[in-house]
Amino acid sequence: YNISATYDSTNSKVVIGYTDYPNSQYGTAIVGTVSGTSITFGTPVVFHSSLIQYTSVVHDTANDKIVIAFSDGGESWYGKAVVGEVNPSTNAITFGSPSTFKFGNSGFISAAFDSSTGKVVVAFQDGQYSDRGTAQVGTVSGTSISFGGQTIFENSAVSYISAVSTNNKVVVAYCDDTNSYYGTAAVGTVSGTTINFGTPVPFEYAYSDSISTTFDSTNNKVVIGYRDVGNSDY
C-alpha cells in the first residue's frame with residue numbers, strides 16, 4: 001500500500017514506490033519497462049528497512065535521479081527522503097541513505113520536481129505543529145538530498161495534500177481541515193532553497209478529500225481530481 005509512481009523520462013522507465021506489507025512494511029521500490037500494452041518489472045529493492053507511510057515518488061530530471069519522500073514509522077514518523085539511481089540495462093535501482101527533512105510527525109507527504117530551478121519540493125502535514133501545511137525545498141547531489149528551511153502554506157490543519165510542478169511554479173492542493181474541509185490550493189515559487197506561497201484559494205466550497213493533481217503541459221493547466229464528500233462522495 002501507499003503506492004506512488006513516477007516516469008523516469010531519461011531512461012524510459014516507470015518507478016513505483018510502496019510499503020511492502022508482507023516484508024515488515026518496509027519501504028520498497030521497483031522499476032518497470034513498458035512495451036506496447038505490457039509492462040515488465042525488475043526485482044523489488046528496499047529503500048528503507050522500517051515501516052513507512054505516505055510514499056511520494058518523483059523524477060529529478062536535472063540530476064537524473066529518483067527521489068522518494070516518506071514518513072518513517074521506525075523513527076517517530078519523521079519526514080524523510082531518499083535518492084535512487086536507475087540502471088536501465090538491468091531494470092534495477094540503487095539508493096543512497098535517507099535524509100530527514102522534518103524531525104517530527106509528518107503526514108500526507110507529497111513531492112514535486114520544479115524543473116525551472118532543479119529542486120524537489122516536499123509538502124506535508126506537520127503533526128508537530130497542529131497539522132499545519134508546510135513545505136521544504138530539497139537539493140539533490142549524487143545520491144544525497146539536503147533541505148532548506150520550512151515554509152508554511154496553510155497556517156492551520158490540512159490533509160490529503162497533492163503537489164504538482166507547473167510553469168516555474170509549484171501548486172499544492174489540499175483539504176483545509178479548519179475551513180470546513182474545503183478543497184484548497186496555494187501557488188508557490190521556489191527561490192534558492194526556499195519556497196514562497198501566495199494566498200490559498202478554495203477550488204471546492206465543500207468537504208474534499210482523496211486529492212490528486214497533475215499538470216497538462218499541452219494546455220498549461222493544472223488538473224485537480226478529488227472526492228467531493230459534499231456531493232455524495234462523487
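**Salt bridges and paired strands**

Mentor: The structure holds four salt bridges, a salt bridge being a side-chain nitrogen of Lys or Arg within 4 Å of a carboxyl oxygen of Asp or Glu. The model is predicted, so to speak of local features a pLDDT of at least 70 is needed, side-chain atom pairs count only at pLDDT 80 or more, and totals for chains, interfaces and linings use all residues. Residues are numbered from 1 along each chain as its sequence is written, and side-chain values use heavy atoms, with hydrogens and water left out.

Side chains of opposite charge can pair when their charged atoms come close. Lys80 and Asp72 form one of these bridges, with 2.7 Å from N to O. Lys80 is buried because its relative accessible area is 7%, where buried means under 20%, exposed over 50%, and partly exposed in between (1.4 Å probe, protein chains only). Asp72 is also counted as buried, because its relative accessibility is 2%. Lys80 has a further salt bridge to Glu75, at 2.5 Å from N to O. Glu75, by contrast, counts as partly exposed because its relative accessibility is 34%.

Another of the salt bridges joins the side chains of Asp209 and Arg227, at 2.8 Å from N to O. This pair connects distant parts of the chain: Asp209 belongs to strand S17 (residues 201–216) and Arg227 to strand S18 (residues 221–228), and the two are 18 residues apart. Strands (E, at least two residues) and helices (H or I, at least four) are DSSP runs, numbered from the N terminus. Asp209 is buried because its relative accessibility is 3%, whereas Arg227 is partly exposed because its value is 35%.

The account now turns to the strands. Strand S11 (residues 132–141) is mostly covered, with seven of its 10 residues buried. Strand S10 (residues 119–126) runs antiparallel to S11, and seven bridges join the two; strands are said to pair if DSSP finds at least two bridges between them. Within this pairing, Val121 stands opposite Val137 of S11. The hairpin of S10 and S11 has five residues between the strands, among them Ser130, with a positive phi near 55°.

Strand S13 (residues 151–165) is joined to S11 by four bridges and runs antiparallel to S11; Ala135 has Thr151 of S13 as its bridge partner. Strand S12 (residues 144–147) is likewise antiparallel to S11, with four bridges between them, and here Val140 faces Ile145 of S12. Two residues lie between S11 and S12 in their hairpin, and Gly142 in that turn has a positive phi of about 65°.

Gln136 lies in S11 and is buried, because its relative accessible area is 3%. A polar atom of the Gln136 side chain lies 2.9 Å from the backbone oxygen of Gly148; such a polar contact is a pair of N or O atoms within 3.5 Å, and within protein one must be able to donate a hydrogen and the other to accept it, while residues adjacent in sequence count only if both atoms are side-chain atoms. Leaving aside residues up to four places away in sequence, Gln136 touches several others, including Phe101, Val121, Phe124 and Phe147, contact meaning heavy atoms within 4.5 Å. Gln136 and Ile152 are 16 residues apart in sequence, and their C-alpha atoms are 9.0 Å apart in space.

Asp126 belongs to strand S10 and is buried, because its relative accessible area is 0%. Its side chain reaches the backbone nitrogen of Gln128 at 3.0 Å. Residues up to four places away in sequence again set aside, the contacts of Asp126 include Lys102, Arg132 and Gln150.

Strand S7 (residues 78–87) pairs with S8 in the antiparallel sense over four bridges, and Glu85 stands opposite Thr94 in S8. Four residues lie between S7 and S8 in this hairpin, where Asn91 in the turn has a positive phi of about 60°.
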